Amino acid sequence: MTAWIIEPAISLILFYMAYVLFLRRIPFFKANRYFLLTAILFSVVLPHINFHPPVSITTYTYLIPEVTITGQQTGQSVQPELPRAGIGQIMVWIYLFVASLLTIRFAARIFHIYRLINATGYKKSGSAKIVNIDSVNAPFSFLNYIFINESLYTEQEKTNIIEHELAHFKQLHTIDLFVLEFITIIQWFNPVAWMLKRSLIEIHEYLADEEVINKGTNIQFYRSLLINLQLGSGYISPVSNFNRSLTLNRIRMMTRIKPASWKRISFIILVPTIVMLVFMCTKAEDSFSAGNAFMAAGDSRAEFNPSGDG
């Protein structure tokens with residue numbers, strides 16, 4: 001079970017370091033999204049990849065002469081020693097306990113979202129389902145359900161907000177959010193998993209902003225809308241929130257000039273490089289564990305001498 005926890009953690013750290021150092025400031029939003037999703041997928045599959053070919057093991061049988069052992073009964077009964085939980089087992093219990101709590105929290109949030117839908121109802125607007133809730137200050141979406149307080153916005157603002165949230169739905173960002181919840185549950189102890197989650201959600205916002213701008217929305221008007229929503233309330237994961245990312249970063253990305261297309265080659269080079277690096281680190285860890293096991297086996301053979309020579 002340790003390999004299922006440690007190896008994905010190492011893989012996530014290496015992939016995210018590469019993203020921060022080489023890709024985060026490049027406005028190839030779709031490529032960055034796929035890079036982070038690839039990092040998650042590869043990290044989950046990694047423990048199931050066998051790096052070593054099968055090794056044949058030769059067994060030896062030693063015939064030991066029959067020995068009869070006699071002893072004197074002392075009259076004292078021997079109580080069997082109860083097994084004690086080691087540190088490793090306690091850590092596994094803690095890991096499973098926290099992972100269970102996070103899973104329950106995630107399920108409760110999904111239930112809360114559907115309870116809002118059933119309690120309020122919705123109206124269809126194209127492919128969107130608008131849930132008008134007075135208590136919502138910052139719009140958010142889950143699948144094609146858009147939660148918004150319509151009384152707070154003009155018609156143009158509502159149009160831009162709905163376009164933004166529909167972009168999340170059309171680009172399947174909700175699936176990404178489910179994947180992110182999964183990886184943060186099984187890697188809750190790893191701060192990189194939570195940072196990766198924040199980065200991918202921020203990329204979702206860049207992609208949705210880009211789609212709204214590409215439809216002809218005035219950039220200055222859209223910037224003003226983002227600033228007005230800066231003071232909006234928080235959101236409930238796993239939803240896409242209009243005010244999720246830092247507003248200044250989103251405004252900066254709107255006007256950033258995309259680099260030359262040849263820089264896309266960096267993705268082609270970077271991904272296999274990181275994969276090879278992860279393989280090397282994992283192989284080194286496996287070799288270290290195998291070496292310890294071999295030394296332990298050697299010690300046990302040294303202690304047993306079937307010939308009886310002193």
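The structure is a predicted model, in which local features need a pLDDT of at least 70 and side-chain atom pairs count only at pLDDT 80 or more, while totals for chains, interfaces and linings use all residues. Residues are numbered from 1 along each chain as its sequence is written, and side-chain values use heavy atoms, with hydrogens and water left out.

The protein contains nine helices and five strands. Helices (H or I, at least four residues) and strands (E, at least two) are DSSP runs, numbered from the N terminus. Along the sequence the pattern reads α-α-α-β-β-β-β-α-α-α-α-β-α-α. Of the 310 residues, 38% are buried; this word denotes under 20% relative accessible area, whereas exposed denotes over 50% and partly exposed lies in between (1.4 Å probe, protein chains only). A contact is defined by heavy atoms within 4.5 Å. Among contacts between residues at least 6 apart in sequence, 73% join residues at least 24 apart.

Confidence is expressed as pLDDT, the predictor's confidence in each residue, from 0 to 100. The protein averages 79, and 68% of the residues score at least 70. Among the elements, helix H5 has the highest mean pLDDT (96) and helix H9 (residues 265-303) the lowest (58). Over residues 293-308 the pLDDT falls below 50, and this stretch has four contacts in the model beyond near neighbours in sequence.

The interior may be considered next. A nonpolar core is a set of buried Ala, Val, Leu, Ile, Met, Phe, Trp, Tyr and Cys residues joined through side-chain atoms within 4.5 Å. The largest such core has 31 residues, and Phe 15 and Phe 35 have the most contacts inside it. Two or more residues of this core come from each of helix H1 (2-23), helix H2 (29-45), H5, helix H6 (191-214) and H9. H6 gives the largest share, eight residues. A second, separate core has 16 residues, including Ile 146, Val 212, Leu 225 and Met 254.

Helix H6 is mostly covered, with 18 of its 24 residues buried. From its first C-alpha to its last, H6 reaches 35 Å, close to the 34 Å expected at 1.5 Å a residue; the expected span is 1.5 Å times one less than the number of residues. Just after H6, Gly 216 takes a positive phi of about 100 degrees.

Helix H4 has 16 residues and reaches 22 Å between its first and last C-alpha, close to the 22 Å expected. Its buried residues include Ile 161, Ile 162, Leu 166 and Ala 167.

Leaving aside residues up to four places away in sequence, Gln 171 touches Arg 33, Leu 207 and Glu 211. Leu 172, by comparison, counts as partly exposed because its relative accessibility is 48%. The phi of Leu 172 is positive, near 60 degrees. Leu 172 and Leu 143 are 29 residues apart in sequence and 8.0 Å apart in space, C-alpha to C-alpha.
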